[in-house]
Amino acid sequence: MSEHDTNETFKTEKNIHTNFREKMTYGDYLQLDRLLTSQIRMSDHHDEMLFIIIHHVSELWLKLIIHEIQAAIEAIERNELQTSFKMLARVSKIQSQIIQTWDVLSTLTPSEYMGFRDKLGNASGFQSYQYRLVEFVLGYKTPHILKIYEKNEELFEILDKAYHRPGLYDVTIQALSRAGFPINPEVLQRDFSKTYEKDDTVEQAWLAVYQNVDKHWDLYELAEKLVDIEDWFQQWRFRHMKTVERIIGHKIGTGGSSGVGYLKKVLDHYFFPELWEIRTKI
């Protein structure tokens, strides 16, 4: 479309607002002045902008994931399982988007990254507090992680609170109990600051759900939503690991982690172990 055509089309839209001297604009609402001036490079390297924007976008998606999972946890605690389904389905869609950010970052070559890597100092994605919050709300609790955030009291309080609260799987197991399944009391009353470990009574409950889907449809649907989230999360972890390997090989991470070695180890962790175990037994 030519500029003339664009102008003519604009003229036909008689009700489009053009006077914003006293009205809120799109940019005002989204605070774009703050958002778009946050990409501050520490070097003159062209590709550092890519690196910063990828991580900003990822942090925004993480913020929405946390928002949705926390709301889903509250809905499940109220026994409003249907309400939680929309939120958990949205999380899976967000995860599909955040996975694709690795495809963009992988266009960064080792030579390009080394052009500004030294400017990062000890800053690392390993320190992302939102990523840790996602792990906490999914039930993966690691005490040494909290030490990273001790210097920021406000941030530490947010993380510490999530660290001691029941995660998504904890409230799901409580829902199984409310539905009449005999769950081990030690699981229901466990210390939520500990990472969940699989339990036979939980596995038997899920087997019963999957063997009588019509009777336990809501619990079955909830289980599949959790499997979706874990599936996507593992794919995100895998793409993360391969992107890091592609760009820096087996170098130590800027935050001091073993880099690829660390990322490979966490691939073996399951948030909802019984939901995967029963697939062999159904």
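A residue counts as buried when its relative accessible area is under 20%, exposed when over 50%, and partly exposed in between (1.4 Å probe, protein chains only). By that rule, Tyr113 and Phe116 are both buried. This is a predicted model: local features need pLDDT of at least 70, side-chain atom pairs count only at pLDDT 80 or more, and totals for chains, interfaces and linings use all residues. Residues are numbered from 1 along each chain as its sequence is written, and side-chain values use heavy atoms, with hydrogens and water left out.

**Helix 9**

- Helix 9 covers residues 153–164. Helices are DSSP runs (H or I, at least four residues), numbered from the N terminus.
- Its twelve residues should span 16 Å at 1.5 Å a residue, and its end C-alpha atoms are 16 Å apart, which agrees. The expected span is 1.5 Å times one less than the number of residues.
- The buried residues of helix 9 are Leu155, Leu159, Ala162 and Tyr163.
- Seen down the helix axis, these buried residues fall within an arc of 105 degrees, so they line one face of helix 9. The arc is taken from the directions from the helix axis to the C-beta atoms.
- Glu153, Glu154 and Glu157 are exposed on the other side of helix 9.
- Cover for the buried residues includes helix 7 (129–137) and helix 8 (143–146). Contact here means heavy atoms within 4.5 Å.
- Asn152 caps the N-terminal end of helix 9. A side-chain oxygen of Asn152 lies 3.3 Å from the backbone nitrogen of Glu154.

**Aromatic pairs**

- The structure holds 16 aromatic pairs. Rings of Phe, Tyr and Trp (its six-membered ring) pair if their centres lie within 6.5 Å; planes under 30 degrees apart count as stacked, over 60 as edge-to-face and the rest as tilted.
- Trp102 and Trp236 form a tilted pair, 5.5 Å centre to centre, with 55 degrees between the planes.
- Trp102 lies in helix 5 (residues 81–105) and Trp236 in helix 13 (residues 217–248), so their pair ties together parts that are 134 residues apart in sequence.
- Trp102 is buried at 8% relative accessible area. Trp236 is buried too, at 12%.
- The ring centres of Tyr113 and Phe116 are 5.4 Å apart and their planes stand at 80 degrees, so this pair is edge-to-face.
- One aromatic cluster includes Trp102, Tyr131, Phe233 and Trp236.

**Charges over rings**

- The charged end of Lys141 sits over the ring of Tyr163, 5.9 Å from its centre. The rule asks for NZ of Lys or CZ of Arg within 6 Å of the ring centre and within 35 degrees of the ring normal.
- The charged end of Arg279 sits over the ring of Trp276, 5.8 Å from its centre.

Key. Helices (H or I, at least four residues) and strands (E, at least two) are DSSP runs, numbered from the N terminus. A polar contact is a pair of N or O atoms within 3.5 Å; within protein, one must be able to donate a hydrogen and the other to accept it, and residues adjacent in sequence count only if both atoms are side-chain atoms.
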